[in-house]
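Here's a quick walk through one chain, from the overall fold down to a single side chain. Have a look at it first.

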Amino acid sequence: MYKSGSGRSRLEKLVAGQQPEAVQRAFIHYTELLKYWHDDAAHEADVEIDEEEAFTALVLVMRFARFVEDRWPGLAVDAPTP
């Protein structure tokens, strides 16, 4: 699903689509960092990350993990069969 056209957005909707609007917005906000990293990696861009940016990214990933952990029962979905 992720690799198909608009797969990333469809997957986000599958995971968070049944949640209240505020939770959906927060989930999308947290995934922005992952999209940024994925897009740079996919295009083999040379990216220089300084210490401050690396620290900020790690903090965001940890906050995202906590966000998901706190809401996992509502976010968990069965994986679609291919």
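What follows covers the ground rules, the fold, the core and one glutamate.

## Ground rules

This is a predicted model, where local features need pLDDT of at least 70, side-chain atom pairs count only at pLDDT 80 or more, and totals for chains, interfaces and linings use all residues. Residues are numbered from 1 along each chain as its sequence is written, and side-chain values use heavy atoms, with hydrogens and water left out.

## Overall fold

The chain has three helices and zero strands, giving the pattern α-α-α along the sequence. Helices here are DSSP runs of H or I with at least four residues, strands are E runs of at least two, and both are numbered from the N terminus.

Of the 82 residues, 20% are buried, meaning under 20% relative accessible area with a 1.4 Å probe, protein chains only (exposed is over 50%, partly exposed in between).

## The core

The largest nonpolar core has nine residues: Val 15, Ala 16, Val 23, Phe 27, Tyr 30, Phe 64, Phe 67, Val 68 and Leu 75. Such a core is a set of buried Ala, Val, Leu, Ile, Met, Phe, Trp, Tyr and Cys residues joined through side-chain atoms within 4.5 Å. Helix 3 (51-75) is among the elements giving it two or more residues, and helix 3 supplies the largest share, four residues.

## Glu 12

Glu 12 sits in helix 1 (residues 7-16) and counts as buried because its relative accessibility is 10%. Its side chain makes a 2.9 Å polar contact with that of Thr 31 (a pair of N or O atoms within 3.5 Å; within protein, one must be able to donate a hydrogen and the other to accept it, and residues adjacent in sequence count only if both atoms are side-chain atoms).
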